[in-house]
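Please open the structure in a viewer and keep the selection panel at hand. The stops below are meant to be followed in order.

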Amino acid sequence: MAVMLVAMCVVGFLTLLLLYRGGLSSRPLVACLLAVAAAIFIRGLCLSYQSNDYNAFLSEWVAYFRANGGFAALQYSVGDYNVQYLYFLAAISYLDFSDLYCIKLLSIVFDFVLAWGGWRVARCVCAKGSHRPVVVFCLLLLLPTVVLNGAYWGQCDVIYAAFCLHAVACALGKRPGLSVVLLTIAFAFKLQTVFLVPLWFGFLVAKRVRGWHLLLAVPAYLATCVPALLLGKPMRDIIGVYFGQATEYSGYLVLNAPSVHALAPADMSAYTDQFARLGIVAAFVMVFVLLGLFWIHRRRLTAEMLLMGGVILAIGVPFFLPYMHDRYFFLADVLALCLACMCARGGLPAVLVQVASLRAYYNYFFVGGLSYPAWGVLLVLLALVLSWAAFLHGAAKRKRVT
């Protein structure tokens, strides 16, 4: 525990140093320092909890690496996570230290990377001198689902979400090539990154990203696979993890997530495939409508409107898609909070999504089962409607101005 606290303090100090080097003055830096101290204290209280996922999966995977030569075992089929995360599990198998603490420490490190990413996104959207980026940083560190996901649950959704935020910040901050690389790394860690990928069409038509920048995705992804390939793992097995994840739970419409499929009656289980197809079609329709609006308003797409589009995607795509898990709205939690700190119209959607996500976490920790209450689904639906309204209002406002 002492080592963990020291490690978290070091990470917090380095994050504050990044903010200072980024131009943050001393007074708001004190506010960030207080948020960092509170974040470390709260996470310290969470460290000893062992979830069922840790006991049944993560600890077993580390034990497998430890018993089969560490990195050498990467050539075999281990777990159902992407190989980029398995590098870390293989690395800690060499350490004479708590596997639980090592796994949680990685997520906690990325909690701070996530908060820094939110600060960078806000700096790109807000006027110079605004204190809103500081608010984003502090609230992201203390957001309940961010704290619970890594420090308590031991999950790693914060890794891909952090890369996504930095990718958005780079796209808004005129570093388009790096934004594509970071988005690709996020995708390498978690398939759920695809929820946000269509946003890069908005960056493309707004001329914040060029077509040739998108080509960087291929070498960036291959670079993340090189260690596994050198250790003898076939490329088809690396890519096959995505297909395995997509079909592993295809027998269930929803797995404790606030998606529209949670409203399906239990006696309709025989029509799972039909409901799944309808959900996939609905998700694609929503995405193509948004892409069409990106194209129509391409000369008026502000940074704020693009961020609104990202929130719509992060909420709407998992809302309509089947087979969604309780943690698949993590990116929606994060992006909605970022938007809420920069736009008054984003406040209520952020609260609604966070409440719905917290209920999913409550179900996992205290209730069990795969069902989800209808009222939580309605909260997410209302958040999606309000996000669409904010986007359309912004588009209409920009049209009147021009």
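Begin by selecting Arg327 and Asp157, which form a salt bridge whose closest N and O atoms are 2.7 Å apart. A salt bridge here is a side-chain nitrogen of Lys or Arg within 4 Å of a carboxyl oxygen of Asp or Glu. Arg327 lies in the loop between strand E2 (324–325) and helix H16 (330–340), and Asp157 in helix H8 (residues 157–172), so the pair ties together parts that are 170 residues apart in sequence. Helices (H or I, at least four residues) and strands (E, at least two) are DSSP runs, numbered from the N terminus. Both Arg327 and Asp157 are buried; buried denotes under 20% relative accessible area, exposed over 50%, and partly exposed the range in between (1.4 Å probe, protein chains only).

The model is predicted: local features need pLDDT of at least 70 and side-chain atom pairs count only at pLDDT 80 or more, while totals for chains, interfaces and linings use all residues. Residues are numbered from 1 along each chain as its sequence is written, and side-chain values use heavy atoms, with hydrogens and water left out.

A search of the whole structure finds 3 salt bridges. For another of them, select Asp111 and Arg43, with the closest N and O atoms 2.9 Å apart. This pair links distant parts of the chain, 68 residues apart: Asp111 belongs to helix H5 (residues 99–125) and Arg43 to helix H2 (residues 26–46). Asp111 and Arg43 are both buried.

Next, select Arg66 and Asp99, whose side chains meet in a salt bridge at 2.8 Å, N to O. Here helix H3 (residues 52–67), which holds Arg66, is linked to helix H5, which holds Asp99, across 33 residues. Arg66 is partly exposed, with a relative accessible area of 38%, whereas Asp99 is buried at 13%.

Which residues have the most contacts inside the largest nonpolar core? Select Tyr85, Leu89 and Trp200 within this core of 149 residues. Such a core is a set of buried Ala, Val, Leu, Ile, Met, Phe, Trp, Tyr and Cys residues joined through side-chain atoms within 4.5 Å. Around Leu89, display Leu58, Trp61, Val62, Phe65 and Ile103, which Leu89 touches when residues up to four places away in sequence are not counted; contact means heavy atoms within 4.5 Å.

Finally, select Val10 in helix H1 (residues 2–21). Val10 is partly exposed, with a relative accessible area of 43%.
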